[in-house]
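Visitor: I would like to learn how to read this model. Where do we start?

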Amino acid sequence: MIYSFCTLLEKKQRVDIYLSALFKDFSRAYVQKMIDKWQLKVNWKVLNKNKKIDNKDELELEIKTEKLEEILPEKMPLDIIYEDENILILNKEAWINVHPVPWENWKTNTLVNGILYHCKEKLPQINWVERPGIVHRLDKDTSGIILIAKNDKMMAYLSGIIKERKIDKYYIAIVNWIVKQNNFKIESYIWRDPNDRQKMTTKNPVNPKIAVTYAEVLDYVDNKYSVLKVKIETWRTHQIRVHLASIWFPILGDKVYWNSKINREVATKYQLKRQALHAWKLNFELYWKQKEFIAELKDDMKKIIKKEI
């Protein structure tokens, strides 16, 4: 797969730094390997990894898919919400990566390994990294509902309705502080933080993309925390975590977008060891009928939320 695009820069920047910030799945070391293999051209010329690029430079990047044979099936428990010959819908546990990533030795103990074992047959893939059946992702420490396509036709259908925003996706989040506004909307540009490629940001993001989040207060905990039902209109990386942190209501236990002192407090008080975010519900058309699928909250969040969701 070849991507061609024009840079948007305020000042010159090393090309490996720029691309690792632009593409979530690429570390700087992985980008450098691609450059060494002549997979990148700038203004139609092959260059070295130390090259600096300028505003409106033309980039052409060839992205090669990792070999599926290196990702082996593994037997693991799967919390299945629904399954037929075309689709698998799971309630993902926290602490597990959805898929391997190309620059880390993470080819085992991922959801993909478990899906390959469960489904037996070859599964479809999209994009430049082998993610058999994976239509969309959840962060490692986020639990909840995730869609798996079992054939090319279902992969194309689900990818299409996601792109057209024809899936309603809801989360349950527990945030720091009392949110007094019962319903609210957050809309901003969001993408990679130019100063930290592991983070997303609403402030001067690289390659900004619009993100829209809606939230409703469901309950309060200990007169200090708020339980929110969150609906996302766009499906951006870390969208809910970044949006809520940007208005000073960060998600409980979030190690990236909040401070360690408060995280230690909630870890001690509630034995919460990850961000309190759960992909709860999906509404979309399946087989010409509107369907709703719900993923039950995991035990660690259930212990904090007293009200039945």
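Guide: Start with terms. Helices (H or I, at least four residues) and strands (E, at least two) are DSSP runs, numbered from the N terminus. Two strands pair if DSSP finds at least two bridges between them. This is a predicted model: local features need pLDDT of at least 70, side-chain atom pairs count only at pLDDT 80 or more, and totals for chains, interfaces and linings use all residues. Residues are numbered from 1 along each chain as its sequence is written, and side-chain values use heavy atoms, with hydrogens and water left out.

Visitor: In what order do the four strands of the open sheet run?

Guide: The order is β1-β6-β3-β4, with antiparallel pairing. β1 (2-6) and β4 (45-46) are the edge strands; each has a single partner strand, so one side of each lacks a neighbour in the sheet. Take β3 (residues 40-42) and β4: two bridges join them in the antiparallel sense. Lys 41 sits opposite Val 46 of β4.

Visitor: How many residues of helix α1 are buried?

Guide: Buried means under 20% relative accessible area, exposed over 50%, and partly exposed in between (1.4 Å probe, protein chains only). In α1 (residues 15-22), seven of the eight residues are buried, so the helix is largely enclosed by the rest of the structure. Among them are Asp 16, Tyr 18 and Leu 22. Ala 21 is also buried. Its C-alpha atom is separated by 7.8 Å from that of Asp 196, 175 residues apart along the chain. Asp 196 belongs to strand β12 (residues 196-201). With 30% relative accessibility, Asp 196 counts as partly exposed.

Visitor: Which strands pair with β15?

Guide: β9 (residues 143-149) pairs with β15 in the parallel sense over two bridges. β10 (residues 168-176) pairs with β15 in the antiparallel sense over six bridges. β16 (residues 289-294) runs antiparallel to β15, again with six bridges. Look at His 278 in β15. His 278 is the bridge partner of Ser 143 and of Ile 172. As for cover, nine of the ten residues of β15 (residues 277-286) are buried.

Visitor: What do β15 and β16 form?

Guide: They form a hairpin with two residues between the strands. Tyr 287, in the turn, has a positive phi of about 55 degrees. Leu 286 stands opposite Lys 289 in β16.

Visitor: Where does Lys 51 lie, and is Lys 51 buried or partly exposed?

Guide: Lys 51 is in the loop between β4 and β5 (52-53). Its relative accessibility is 40%, so Lys 51 counts as partly exposed.
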